[in-house]
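Here is a short report on how the parts of one model meet. Look over the sequence and structure, then read on.

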Amino acid sequence: MARVILGVSALYHDAAAALLIDGKVVAAAQEERFTRLKHDPSLPVRAAGWCLHHAGLRAEDVDQLVFYEKPLRKFERILTTSVAAFPRSALSFPRQMKSWLGDKLWTRNRLVEAFGLPSAKIGFSEHHLSHAASAFYSSPFERAAVLVADGVGEWATTSIWRGGPEGLTPLAEVRWPHSLGLVYSALTAFLGFAVNEGEYKVMGMAAWGQPRYLEQLHQIAKLTPGGGFTLDLDVFSHHWHPTRASTDKLAALLGPPRAPGSPIALLEPGADAGARAEGQRHADIAASTQRWLEDALLHVVRHAHALSGEDALCLAGGVALNAVANHRLAAEGPFAHLFVQPAAGDAGGALGAAQWAAHAVFGQPRPAGPFRCDLGPEIDVGHARQLADDLGFPHDEVSGEDQLAAGVAADLLAGRAVGFVQGRAELGPRALGHRSILADPRGAGTAERVNRQIKLREPFRPFAPSARAADMGLFALPPAAADLAPYMVIASPAADQLRSEAPAVVHVDGTARPQAVDPGREPLYHGVLDAMHAATGLGVALNTSFNLKGEPLVGSATDALATLARSALDAVWIGPLRIGRPSARALGE
Amino acid sequence: MGQLRKVWIGLTGRFAWRFRAAHLLRAFSRTEQGSALDMFAACEATPRRELRRKYFRHALDEWRHAGVFKARARAVGGRSATETGVDEAGVIVEHGIIGGRTLFERLGERDFLAFVYVAEADAVEQFEVYAARGLPDPDTQAALSVILKDELFHVTYSKHELERLTGAPPTTGTAAVVGAEARAAVRRIRWSRLKEGWLRLSLDIGHLMTSLWLTLLYALLIPPFRLLARLEPAGWQAPSADPRPLRLRLQSEA
């Protein structure tokens with residue numbers, strides 16, 4: 001009998017479900033793609049339902065459901081912190097207790113109720129163990145050190161593990177409230193961006209500034225001998241304040257915080273000198289925050305190397321999605337090999353929880369072959385065609401992958417930006433040619449057009465390139481990062497050819513965050529790049545996630561058409577179906 | 001009942017626009033965003049092709065309104081920068097899909113249309129009262145006037161389609177719904193919205209009472225334990241050893 005394991009992450013952010021059958025990942029999806037609420041934390045009823053449906057199973061076929069963390073241990077941390085921070089925790093205590101006593105403390109019961117499984121089939125991993133498992137068991141390594149860094153799990157905020165055939169062994173951990181991830185989040189909030197969402201913006205903004213505030217940050221978040229770090233708990237307030245991550249002392253060090261939603265004058269034409277200076281100060285704070293994180297991670301990684309004695313490192317947790325820091329770890333760190341599972345945040349926790357149960361608890365073998373993250377639902381082309389008809393979107397269709405690749409490339413070469421919906425959706429935040437927006441990166445104005453008119457987001461944010469695997473010489477990837485190339489999780493200096501020929505995918509600091517497209521893994525997408533190469537001598541496309549600012553990646557045909565209608569996108573390819581822009585009349589305007 | 005409701009909207013609106021305008025506009029934005037999700041989900045799921053385009057257009061309107069309300073909320077001010085940055089990330093209002101099913105799936109086409117009709121008619125009434133009493137600032141009022149036109153369209157099309165779906169002769173304009181089945185659906189929705197409103201109020205009161213009790217407990221019970229509790233020290237620590245076999249660890253929540 002096949003063993004069926006369902007991993008679930010939920011109740012904080014990025015709820016997801018992952019289904020393993022005999023140790024093989026057969027499906028995984030995030031709840032937000034179904035509910036359309038970005039970072040949706042609710043129990044992933046829809047995502048799990050889809051996973052089971054995809055595998056032709058029903059809830060009663062599940063042998064083991066594994067929740068990605070231990071709720072009671074987390075509650076212990078919250079209670080202890082509230083007591084230790086008395087009386088400053090007066091505002092957070094009622095809020096936290098209401099949430100826990102009325103809801104999260106009864107996670108087992110809620111899982112039983114939501115998924116219709118007996119309590120005996122419900123199990124619990126640990127937060128950092130789930131992250132560590134998602135990275136190690138998805139990696140190509142037999143043995144490796146694993147570093148997990150995020151905001152916080154139960155108690156651990158940063159942890160080091162050793163992975164091998166014997167399973168995952170914890171070696172050391174840093175505990176709440178000292179957290180690398182929460183320093184970055186506090187500065188993200190300080191810069192007026194939403195926590196758990198705006199960290200990418202800080203990383204993108206950093207390239208526009210100079211780390212003029214690095215010394216101040218090193219004063220309030222000190223790196224200590226022995227690979228550790230300590231936070232000034234008079235400056236950071238995440239452990240006692242319900243909504244503020246820092247106190248006024250941070251403003252005393254860095255100047256006033258940026259108001260959310262206020263214009264960022266970095267690239268705004270017509271901004272006055274005062275606004276520009278303020279925008280530059282914000283960029284300098286972002287640059288300092290980014291540099292501090294890189295310094296801290298490098299410090300921690302050196303300790304992980306000394307402690308584990310391994311030559312390969314797997315990274316997981318939300319911090320592992322910092323592509324710029326990953327470059328420094330690969331280039332300057334002590335490990336010979338690096339791997340980052342692209343769904344490194346909490347959505348990957350569902351995957352890791354199930355993988356830990358399958359491989360470590362039940363002893364099932366690890367599947368061979370490289371990790372693929374296209375584990376989600378497909379969009380039915382027939383349904384998309386019907387919708388396009390009903391909604392008055394013009395459409396036509398090609399036959400065969402060659403024609404499809406040629407058609408997409410022709411669109412791109414004609415200067416059009418297109419939605420590219422092919423096959424199963426990716427797990428995690430990276431669009432790798434399954435739910436992507438593609439454009440020709442050669443035009444200097446392409447990046448600004450896609451940012452302002454298509455993604456409707458800040459003009460300072462960079463775009464990533466997808467390149468044929470054979471063209472990875474366009475990027476100075478460190479040798480340690482060879483296994484990261486397919487996943488767009490590392491930023492590296494771009495070669496001169498790329499800088500001059502594809503400016504839209506090179507950030508202001510001369511770096512790019514590439515995806516290597518392998519003809520064996522992604523034949524269709526590789527075909528598109530091949531066709532572009534044949535026409536221009538450059539097999540590179542601008543690739544960004546197919547969504548608008550603040551929304552999850554498209555999950556259905558309606559989502560795709562809605563994105564087309566609300567932006568300046570020129571067309572959407574859903575499988576072989578090309579859907580063009582609707583007329584204003586068709587939309588009733 | 002209608003006059004009483006208008007008086008209530010006027011009274012609560014006067015307070016809200018004077019003291020909590022940004023909060024009110026953010027709430028409107030979230031409501032519109034939720035409606036857009038409901039309408040997109042209905043567009044995806046409806047078997048009636050003639051309705052699909054209307055749901056889609058309606059969703060686009062709601063999405064646009066959400067952006068307008070959000071921009072107005074920012075313009076009229078709010079909380080401090082650091083506070084808002086953290087808080088907005090934590091506030092994800094559950095709407096659209098509840099318990100794994102969309103509003104459309106829960107209600108079915110007929111009651112969904114009745115729901116749209118009732119919700120939009122209520123919104124029209126609310127905005128008209130605000131305008132008549134001059135409650136919003138001029139810029140927000142100008143935005144509301146544009147939105148009101150869209151809402152009127154939503155009222156008329158949902159009424160028309162509801163009547164058509166239930167076999168009544170479809171009417172135009174904003175006059176009362178005709179046909180017994182359609183009227184029954186509208187009554188059912190009004191009753192369920194009333195019930196939901198009552199439940200929400202009860203929940204709010206419950207939350208307030210719970211907060212008061214928990215604050216009292218905090219003040220009385222926590223201080224003695226304060227002396228015993230310590231935050232964890234900084235730096236690397238050895239993970240606490242767990243001697244339990246893996247299968248037992250898996251079963252445990254602690």
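## Where the parts meet

R49(B) and D390(A) form a salt bridge, with their closest N and O atoms 2.5 Å apart. A salt bridge here is a side-chain nitrogen of Lys or Arg within 4 Å of a carboxyl oxygen of Asp or Glu. The rule finds six salt bridges across the interface of chain A and chain B.

This is a predicted model, where local features need pLDDT of at least 70, side-chain atom pairs count only at pLDDT 80 or more, and totals for chains, interfaces and linings use all residues. Residues are numbered from 1 along each chain as its sequence is written, chains are lettered from A and ligands numbered from 1 in the order in which they are written, and side-chain values use heavy atoms, leaving out hydrogens and water.

Chain A brings 101 residues to the contact and chain B brings 61 residues. Contact means heavy atoms within 4.5 Å.

An automatic or database assignment sets the domain bounds. In chain A, domain 3 covers 381-580. Domain 1 of chain A also touches domain 3 of chain A, with 13 residues on each side. R36(A) forms a salt bridge with D559(A), the closest N and O atoms being 3.4 Å apart.

Buried area is the accessible area (1.4 Å probe) that two parts lose on being put together, summed over both.

| Interface | Buried area | Carbon and sulfur share |
|---|---|---|
| chain A and chain B | about 6,700 Å² | 64% |
| domain 1 and domain 3 of chain A | about 990 Å² | 49% |

R33(A), R36(A) and K38(A) supply 63% of the area that domain 1 of chain A buries against domain 3 of chain A.
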